[in-house]
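Hi everyone, thanks for coming. Let me put the structure on the screen and then walk you through two parts of it.

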Number of protein chains: 2
Amino acid sequence: MNKPINVRFNPAGISIGALEGDNLLDIARNAGVGIAASCGGDGVCGTCKVLIERGAVDGPKGFVLCEEDLAQGIRLACQTWVLTDLVVTVLPGAQAPASIGHLRALVTREEIMAATDWRFAPPVFKLYIELPVPNLQDNSSDLTRLERALESNGIANPLMGISFLKKLPVAVRENNWKITLTVLKERRGLRLTDVESGDTRNSNFGLAFDIGTTGVRGELLDLVEGKVLAQGVEYNGQRVYGDDVISRVNYSGKTGGLDQLQRAVVATLNQLISGMIGHAGVKRRSITHVMIGANTTMTQLLLGLESKYLRLEPYVPVASILPVLSAGNIGLDLDCDVPVSTIPAVASYVGGDIVSGLVGTGIFQRPETVLYIDIGTNGEIVVGNREWMVSASCSAGPAFEGGGIRHGMLATAGAIESFNIDANGAPVVTTIGGDRPRGICGAGLISAVARLFLNGVINQKGKFNIENAKYVRAGEDGAEYLLISALSSAIGKDIVLTEIDIENLMRAKGAMYAGYQTLLDSVDLTFDGLDRVIVAGTFGTHLDIEDAITIGLLPDINRSKFVFIGNGSLLGARLSSFSTELIEAGRSVASLVTNIELSENSSFMENYTASMFLPHTDVRLFPSINRQSGEPVDGDAQ
Amino acid sequence: MNKPINVRFNPAGISIGALEGDNLLDIARNAGVGIAASCGGDGVCGTCKVLIERGAVDGPKGFVLCEEDLAQGIRLACQTWVLTDLVVTVLPGAQAPASIGHLRALVTREEIMAATDWRFAPPVFKLYIELPVPNLQDNSSDLTRLERALESNGIANPLMGISFLKKLPVAVRENNWKITLTVLKERRGLRLTDVESGDTRNSNFGLAFDIGTTGVRGELLDLVEGKVLAQGVEYNGQRVYGDDVISRVNYSGKTGGLDQLQRAVVATLNQLISGMIGHAGVKRRSITHVMIGANTTMTQLLLGLESKYLRLEPYVPVASILPVLSAGNIGLDLDCDVPVSTIPAVASYVGGDIVSGLVGTGIFQRPETVLYIDIGTNGEIVVGNREWMVSASCSAGPAFEGGGIRHGMLATAGAIESFNIDANGAPVVTTIGGDRPRGICGAGLISAVARLFLNGVINQKGKFNIENAKYVRAGEDGAEYLLISALSSAIGKDIVLTEIDIENLMRAKGAMYAGYQTLLDSVDLTFDGLDRVIVAGTFGTHLDIEDAITIGLLPDINRSKFVFIGNGSLLGARLSSFSTELIEAGRSVASLVTNIELSENSSFMENYTASMFLPHTDVRLFPSINRQSGEPVDGDAQ
C-alpha cells in the first residue's frame, strides 16, 4: 500500500491528500485546481508546467522541457509522479481560468474519450518478416517469396502499387532478407504501402488533421503507443482566396482556381508536417498514415474535386464516403504511397469534421439525446443519439477563429483568451501561454463581449455606451475599446475591439443559435428535452461556457448539461487513427445522419434575425443573464 | 443453296471450286495458294491484296485501300466475298513464299487460335447507367448515387482512384445523369477506371504490346468486336543503351540509367500508340486497357524496377506476377488510370513474352508434348504440355532482328525477307511489301545464309568460298556477298552480307540449338519424342522453316511437326486482351513452368560450341541437309 501524502497547489492555496506514486495532473484535477493540458496529458504540448517548490517527484525528462527548466525544478504535471509531501506552484501559462465550462471540458474530454468504446488497432500496422534467402534451387521472385511468407501469416493477395515494387528488391537485400512491411487495412483486404529493411515495428507514426476553413490543426501520433507526440496549428493557406466556404467554392470555379486552392491547403499541411516531425524528431519516412477530418468543401478542395455543385441546389457533394487515397495523389510531402483517409461526410455542408466529432465523442454508441454543436467558420449542428441523428449547418463566418476581427488571431501563444474588468473598471486579459498579448482569439472575443455587455459597456445591439466607458474611444472604424495598450502588447501597438468586430461576432453567434433553434424545431424538441449539449470548436483548450451563454451563442440551460470538448474534428481524426473500428463507425454515422438544409427553411432566417441581439431579442430565452444594463461600471475608475 | 462457282488464282494458275458468297481468302487457302495476311484476316494489315481480273465480288471498302486501288479492282482477299466465277491475280506483296514452313504457319496460326479454348470477355468492359437525378429530398452525393445504381447491377464496393473522382461530378451532369463507366475486372473485385457522359459502350479499345529487346510491336484492338484495328512496329528506344538484356541491365545500374531506360521504352510505346490510333481514327481517351508481353528485363525496365539482380546469381526478378498498374505509373500518354497489365514471368530470363506465347497457343490446355521456341534477341524455350512445363533461356543476340548485321533491319517494308540463287547463279531477293530493298531482316538473313550454304558459297564454318563465288568480294569487314547493288536498292548503296554478319547469325542460332538440346536432355526427351514444335519469333509473317533447319537453327525432324506462329508474345497479349480467362491462365502457366538456368549447366557450353557450324559439327543430327559442299554453283554464271 502506497504511503499517504499531502500536496499543496499554489497560487490557489489548495491542499489535498494523495498517495505516493500518484500522477500530479490527476491530483490537481481531483483538487479542482485548473491546470491546462491541451494534449490531454500526453506530455507533448508543454502547457501543464508546474514549479516543484518542496518535495520529491519522479518522471521522465521528456522532450518538452529544456535543461534550464529542469534545473529550476519545473516539471510537466502530466509527466510527474509524486514521491513525498509536495508544494507546487502552477505556472501562469498552465493556469486554466476557473470557469465551470473550462474545468468541465478538461475533465470531461477524458471522460468522453473513455466513454467512447473502441479498441486500439490503427488502420496501418507493421509486420516484420524474415524471408528465406534465395538460391539457384529456389530463385523465385522477390514478390513471390514475400507473398508466400505472407500467406503463412494468413495474408493472401495483398494489394500494392508501383512504389512498393520499386522499393522491394532493395529493401530485402539490405538486411539479409529481413524486412518490415507497412500494411493498410482496406475494406477489400490488405494493402502493402511500404517496405523497410530490418525491424522497424517500433516506428509507426500517423498524422491527424482538422482542416478548417480558417485554421488547420494537426497532430503527430505514435501509432504504436497510442500517443500524441506533437501538435500544430496554421492558418489555412486558402484564406487569401476568401474567408468562408462559399467564397472558396466561387474561387474554385475560376480558371486554375481549383488547383490554386488545392496547392494552398496542401502547402499548409506540408508546413504543419515539417513542424511536427521536426519537433518530435520523427523521420518523414516513418509516417504511415494520414487521417483528415474536414468539412465537405475543405475535403473536396484538398483532393482537387470539382466543388461548384456544393453550393448549387440541390447541393450535392462528389462523395460522402471517399476511398482511401494516397499522399502522392494530392502532393503531400510524404512517401507517395502513404494512405490518406478522410472521415466521411453527410452532405455538402455537414462534413467529415462533424462526423469526426460524433465518432470521437461516442454519441453514436449511447442512448442519451445529445445536441452536438461545432462552432467554427462553418457552424455544424447535430441532434440525436445512437438510434437517429439529424444535422444542419450554417455559415457563421470566421469570427470564432479571429477572422474579420481587427486584432483577431488563431488560438496560439499570445492570443487573448479571456477578459475581465477589475474592481477599478480596468480591463484584465490573460493570454495563451502567458505571453505578452499579440491579438485576440475566438474565446477571448466571446469573453470580452460577454464581460463588456454584463458590465454595461456594450448595449444589447452590440454598440458601445460611449458616454459611460473610460476605455472606449473613437477609432478608424468607429468606436473601439482599448483591450491593451501598445506599451503592454507584443506588437508595439494598441490592441482594440471595434464595433465591427462585435457585429461580426454577433452575426456568427446569431447564425449558430438560429441553427439550433431551427434544427430542434424540425424534430419537435426543445433545449430542455436534451440530455447533454456537447460543444466543439477550435478554441484551443478554452471556451468559457458562461460567457458563451451570455452573448447568446449557447442556450441558457442547466450548465451541467454542457461539455466542451475542444476541437471535435481533430479528436475524432486522432481516435480514428488509433482504431479501425472508429473508421467503420464513421461510415455508419455518416449514413445514419439525415441532413436538413437550413437555407431552404424559412424559419431559419426569422430565427437568425431574432438572434442579432445580446443575448437575444426574446429575453425569456436567457433568464439567467443579469446585466447591469446601461449602468456605468467604470465611471469611477482611477 | 448457294450456287457453285469457279475461282482461278494467278500468277500460280490454280483453279478451285467454291460457293457463291465464300470468302476469297478462305478459298485461296483451300486451294493452297499462299496469300499473306499478317493480321490473320481482320482487314487491317492490307497485305492480302488481290486484283479482280474478271467476275463480281462483294465486301466493305474498309480503311486500308485507297480510292485509286478500288477503281483499279484491287481488293483485300480477307474482306472479299465471291459472287460469280472469278479470275484474280495475287499481287506481289501478298504472295507468300511457297515454303512448307510458311504456308503451314498461315494456316496453323488460325488453327491454333481456334484450338485455344477461350471465351471473349475482355478484362475491361463498359457499363451504361442512368442515375436518378438528385433533388432536395434526395441530395446524396454523386458517388453514393452511383454506388446505389451499381449495387442494383450486382456490383458492390467498386475500387476507384482520385482521377475517377475528379471526372465524376462533371460527367454525370453533362448528359442528364446518363453515364458510361469503364470497369476493370481485378482479382479482388471491380475497379472503375473511367466515366464518360452518355452511352459510349461501342467505343472500347485496347492496346497489346510485345516489348522485345530490339523491336517493339503493338496492336490496337477493338474490345467490342474482338478485332485488330492497327499494328505498328518500332525499334526499342533503349537500343542506344546496349544491344541485349545484359547490357541494358548493366546500363540500368549507372546513375540515372534506370530512368533513362524507362523513358526510352515509354517513348517508343507512346510513338506506337500515336501512330496506331491515328491510323485507325480512334480517340486516345477511348483506350481502356494496355496488355504487355515482354521478357522479364523489358518488363522491369518499363516499370522502372531495380534490375541489377536479374543478372546476379541466383538471378531473382522483382516479381513474376505483377499487380495491374496504370498508365500514369509509367508515363504512357493515355488517361492516367488506364490499367496496364503485364503477362506473368517465370524467371529472370524466361519472361512474360514466352508465357504469353504459351497462353496464346493453348499448349497449357492440351495433352501433346510440345517444344515451344521463341527466337529473338533473348531466346526462350519451353518443353511440356498441360501437365508440366520446363523452360530455359539463352542470349542469342539481336541478329534475328537485324541487329549487329551490316544492313540488318526489322521486318518492315523493304526488308529482304527471302533469298535464292537463280539458274544463272545470281541472287534473287523478295522484300516485305514488294518495295525496293532497304536492308535485310532476320528471316532474309536465315534465308540468305541457308541458300548460300546449300549452294556452296558459304562453307560449314560460315566463311565464303571466295574462289567459287562471283558475288563475293572483299569489303571493309573482310569478305562480303553482294545481295543487291546500289542501283537496285532503295538506299543508294550496295546491300551486302558480311562474314561478321554470318558469324553473328551462327552464334545466335548456335545458342538457340544448344538451348533445345540442353533443355530436352534435362527432361530425358529427344527431338523425336516431341509431338509438335511451335516456333515463334518476330520475323513479321515470314520464317522459312526449311531454311531455318538448313542453318541448324531448328532441328532436322519431320516437317509436319513444325508450326510457325509469328510473334507469340503479341499473339498472347492480344488474346489476353480479349479474354479474362487467358489472363488467369497466364498466372497458372507462369506457376506451372519450372525454369532451368542454362548458364549454370556445363553441357550447355559444350552444346553451344558444337553448334557453331552449318548446320552442326555433328552432321548426323541433320541427315536431310544435302549440300553441294564446296562445289562451285555459280562458276559458270554469265
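Predicted model: local features only at pLDDT ≥ 70, side-chain atom pairs only at ≥ 80, totals over all residues.

Residues are numbered from 1 along each chain as its sequence is written, while chains are lettered from A and ligands numbered from 1 in the order in which they are written.

In chain A, 6 strands make an open, mixed sheet, ordered β28-β27-β18-β19-β20-β29. Strands here are DSSP runs of E, at least two residues, and helices are runs of H or I, at least four, numbered from the N terminus; two strands pair if DSSP finds at least two bridges between them. Which strands stand at the edges? They are β28 (562-566) and β29 (593-595) of chain A, each with a single partner strand, so one side of each has no neighbour in the sheet. β27 (residues 532-537) of chain A pairs with β28(A) in the parallel sense over 4 bridges, and Val533(A) has Phe562(A) as its bridge partner there.

Now to the loop between β25 (478-484) and β26 (495-498) of chain A, where we find Asp494(A). Is Asp494(A) buried or partly exposed? Asp494(A) has 17 C-beta neighbours inside 10 Å, so it counts as partly exposed; buried takes 20 or more other C-beta atoms within 10 Å, exposed 12 or fewer, and partly exposed lies in between, with C-beta atoms placed from the backbone. Arg438(A) is 56 residues away in sequence from Asp494(A), and 9.8 Å away in space, C-alpha to C-alpha.
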